[in-house]
Amino acid sequence: TAARQWMETIANVRIHRETHKEPLELFASEKPHLRPLPPFPPDTGVICPVRASNRFRIVLDTNRYSVPSLYASQRLMLKTFADRLCIYHGENLIATHTRSYDRHRDFENPDHSKELLERRHAARDAKLLLSFYALCPSAQEYHRQLQDRRLSPRHHLAKIMALSQVYGT
C-alpha cells in the first residue's frame with residue numbers, strides 16, 4: 001500500500017531527470033507498443049546430475065534432501081529453482097522440496113522412508129514366522145488358529161520365540 005501510494009503521488013508524477021517528462025506520460029505513449037507477457041513463465045531451473053546417498057539423500061549447498069528409498073545410491077537429476085528443488089529419475093519427477101538457504105540441515109519427506117520401513121517390518125515378520133515354524137511340526141497349525149481367532153499372531157509368536165530362547169525348543 002505504501003509503495004503504491006509513493007508511486008502514484010511522487011514517483012510517477014515527478015519530472016524525470018533524463019527524459020524531462022513524467023513517467024506516466026511516457027508510459028501512455030509506450031503502452032500501445034507493448035506486447036502481452038507469455039502465458040507461462042520461463043523455465044529458470046538449473047539442472048545438474050547428482051547421486052543419492054545410501055541413506056536416500058541428495059546434497060545441495062550443505063543441506064540434505066530426501067528421495068524415495070527406492071532411489072538410494074542412484075544417479076538422479078536435480079533441478080533447482082530459487083524457491084524449490086525438483087528431483088528426477090529419468091523423465092519421472094520423484095521428489096520436490098522447498099529450497100532452504102540455511103546450512104547443514106536435513107529435510108525428509110516421511111513418505112520417502114515409509115516403503116523401506118514396511119519392507120523391514122515385513123522381513124522381520126517373515127523371519128520370525130520361519131523360525132517359529134521350525135520349532136515343531138504343529139507350529140503352522142497353531143499359527144493358523146491364532147489368525148482365525150483374530151489374536152495378534154506376531155505378538156504371540158514373538159513371546160513364544162523369546163521363551164524358546166530361554167527354555168529351549
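User: Why is Asp61 called partly exposed?

Analyst: In this predicted model, Asp61 has a relative accessibility of 35%, and since partly exposed covers the range between buried (under 20% relative accessible area) and exposed (over 50%), with a 1.4 Å probe and protein chains only, the value of 35% places Asp61 in that class. Because the model is predicted, local features need pLDDT of at least 70 and side-chain atom pairs count only at pLDDT 80 or more, while totals for chains, interfaces and linings use all residues. Residues are numbered from 1 along each chain as its sequence is written, and side-chain values use heavy atoms, with hydrogens and water left out.

User: What makes the phi of Asp61 worth noting, and where does Asp61 lie?

Analyst: Phi of Asp61 is near 55°, a positive value in a residue other than glycine, and Asp61 lies in the loop between β2 and β3 (63-66), where strands (E, at least two residues) and helices (H or I, at least four) are DSSP runs numbered from the N terminus. Thr62 lies in that loop between β2 and β3 as well, and its phi is near 70°, again positive in a residue other than glycine. At 32% relative accessibility, Thr62 therefore counts as partly exposed.

User: How do you know whether Ala52 is buried or exposed?

Analyst: Ala52, found in the loop between β1 (46-51) and β2, has a relative accessible area of 2% and is therefore buried. Its contacts, meaning heavy atoms within 4.5 Å, are with Arg57, Ile58, Val67, Tyr71, Ala72, Ser73, Gln74 and Leu76, not counting residues up to four places away in sequence. For Gln74, the C-alpha atom is separated from that of Ala52 by 5.5 Å, although the two residues are 22 apart along the chain.

User: Which residues touch the most other members of the largest nonpolar core?

Analyst: A nonpolar core is a set of buried Ala, Val, Leu, Ile, Met, Phe, Trp, Tyr and Cys residues joined through side-chain atoms within 4.5 Å, and of the 15 residues in the largest one, Ile58, Val67, Leu76, Leu78, Leu85, Ile87 and Ile94 touch the most other members. At least two residues of this core come from each of β2 (57-60), β4 (75-80), β5 (84-89) and β6 (92-98). A second, separate core of six residues includes Leu128, Phe132, Ala139 and Leu157.

User: Why does His143 count as buried, and what joins the side chains of His143 and Tyr133?

Analyst: The relative accessibility of His143 is 7%, so this residue of the model counts as buried; His143 lies in helix α4 (residues 139-148). The side chains of His143 and Tyr133 are joined by a polar contact of 3.2 Å, a term for a pair of N or O atoms within 3.5 Å, of which, within protein, one must be able to donate a hydrogen and the other to accept it, and residues adjacent in sequence count only if both atoms are side-chain atoms. Leaving out residues up to four places away in sequence, His143 touches Leu129, Phe132, Tyr133, Pro153 and Leu157.

User: Why is Leu26 called partly exposed?

Analyst: The relative accessible area of Leu26 is 25%, and Leu26 is therefore partly exposed. Leu26 lies in helix α2 (residues 23-30) and touches Thr19 and Lys21, not counting residues up to four places away in sequence.
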